[in-house]
Amino acid sequence: MDKDPSRTSPVRDNSVGRPSIEAKITEIARIGIVGLFAYWSLTLIAPFAIILIWAAILAVALYPAYFALSVMLGQRPRLAATLITLVCLVIIAGPLAAITVSFAEGVQALLARLDDGSLLVPIPPESIRKWPLVGERIHAGWSMASNNLEAALRQFEPSLLQAGTKVLSKLASIGVDLLGFVVSVLVAGFLFRSGERLAKTAEGLADRVGGDRGIGFVRLAVATIRNVARGVIGVALLQAFLCALVLHMFKVPAPGAIAFMVLILCIVQIGPAPVLLPVMIWAWVQMDFGPALLLTLLLMPLFIIDNVMKPILVARGLSTPPLVIMLGVLGGTLSYGVIGLFLGPIILSVFHDLLMIWMRPDTAAERAMAASSRSSRAT
């Protein structure tokens with residue numbers, strides 16, 4: 001006699017195939033421990049994060065030059081890294097330090113002229129009165145300063161003290177930023193020798209996360225860093241350095257401040273014309289014919305040097321829009337000071353290029369990544 005199967009079959013254990021409570025608790029504990037150590041690690045390196053990021057960008061941008069120099073020196077990587085580091089300190093940190101010193105000297109000269117009473121304010125033009133809303137107030141304050149500068153300074157003393165405090169704090173912060181810039185260059189010098197190993201590590205991590213497409217993203221990021229660092233920031237630094245040198249030769253006032261403005265305008269792809277054209281006009285008004293002509297002839301190449309250097313330094317056409325570079329410059333400077341002036345456009349350009357490729361998951365995007373990888377290897 002057959003028995004009822006429902007009575008003889010064992011009761012199903014619904015817990016079979018499911019992780020036990022102990023296993024879940026163990027997994028949560030593991031994740032918590034890893035997260036805790038990750039948080040502690042980020043807390044420890046957070047004060048140095050910007051310096052380390054900028055050092056890594058410098059190492060990526062200058063690695064082709066380091067490799068070529070190492071081959072020229074007979075496979076001496078340590079000597080090549082030392083020479084590249086010294087050149088970076090002279091070319092990059094040197095002009096920035098000179099600009100900072102020039103700012104400080106300009107402020108000291110202004111304070112000295114205020115102290116001995118030799119600073120004279122010209123009479124304001126009557127056209128200022130016609131400016132809407134603020135014309136009368138500006139004209140009145142300017143007239144007071146031109147007639148009795150000491151009385152005007154006493155009247156505006158609280159505002160001037162506040163502005164002076166801000167200027168001094170900015171100069172101090174620029175000095176700290178320059179120190180961080182020098183440290184970044186030194187750290188980049190130590191990264192050159194382990195460049196290939198770090199590149200393989202980054203590609204291996206990208207392969208684990210995104211496969212071949214992840215590796216393409218890494219190579220595209222490398223190509224973008226080199227293009228922006230050399231074709232935008234490198235050319236801008238060269239223009240600013242030559243501008244400061246020429247202005248210093250002709251004793252033009254505030255050469256550091258003018259060169260700094262040229263640097264910013266060249267990075268944001270506007271060019272040096274808004275700053276150098278007024279300098280040329282001032283030269284023709286204040287100088288004799290010969291010096292003014294020579295100064296103009298020496299400044300003219302700065303207007304076209306980017307058109308000559310960029311095709312040489314940029315491996316592929318720079319696809320980053322000028323607006324992205326401008327936002328990177330402004331946001332980076334406001335957030336991180338002098339280092340942010342260079343770090344901002346590079347980071348934002350890399351993010352822009354990666355975002356554009358990620359939004360086009362077609363064969364054209366894959367070809368673009370392949371082209372970027374070839375250009376990065378070639379450089």
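**Reading aromatic pairs and a helix contact**

Tutor: Phenylalanine 37 and tryptophan 40 both belong to helix H2 (residues 21-45), where they stand 3 residues apart, about one turn of the helix. Helices here are DSSP runs (H or I, at least four residues), numbered from the N terminus. The model is predicted: local features need pLDDT of at least 70, side-chain atom pairs count only at pLDDT 80 or more, and totals for chains, interfaces and linings use all residues. Residues are numbered from 1 along each chain as its sequence is written, and side-chain values use heavy atoms, with hydrogens and water left out.

Student: How is a pair of aromatic rings described?

Tutor: It is described by the distance of the centres and the angle of the planes. Rings of Phe, Tyr and Trp (its six-membered ring) pair if their centres lie within 6.5 Å; planes under 30 degrees apart count as stacked, over 60 as edge-to-face and the rest as tilted. The count comes to 5 aromatic pairs. One of them, phenylalanine 37 with tryptophan 40, is edge-to-face, at 5.7 Å centre to centre and 80° between the planes.

Student: Why is the pair of tyrosine 66 and phenylalanine 192 stacked?

Tutor: Their ring centres are 5.1 Å apart and their planes are at 15°, so the pair is stacked. Tyrosine 66 lies in helix H3 (residues 49-72) and phenylalanine 192 in the loop between helix H7 (157-191) and helix H8 (195-249), so the pair ties together parts that are 126 residues apart in sequence.

Student: Which residues form one aromatic cluster?

Tutor: The cluster consists of Tyr63, Tyr66, Phe67 and Phe192.

Key. Helices (H or I, at least four residues) and strands (E, at least two) are DSSP runs, numbered from the N terminus.
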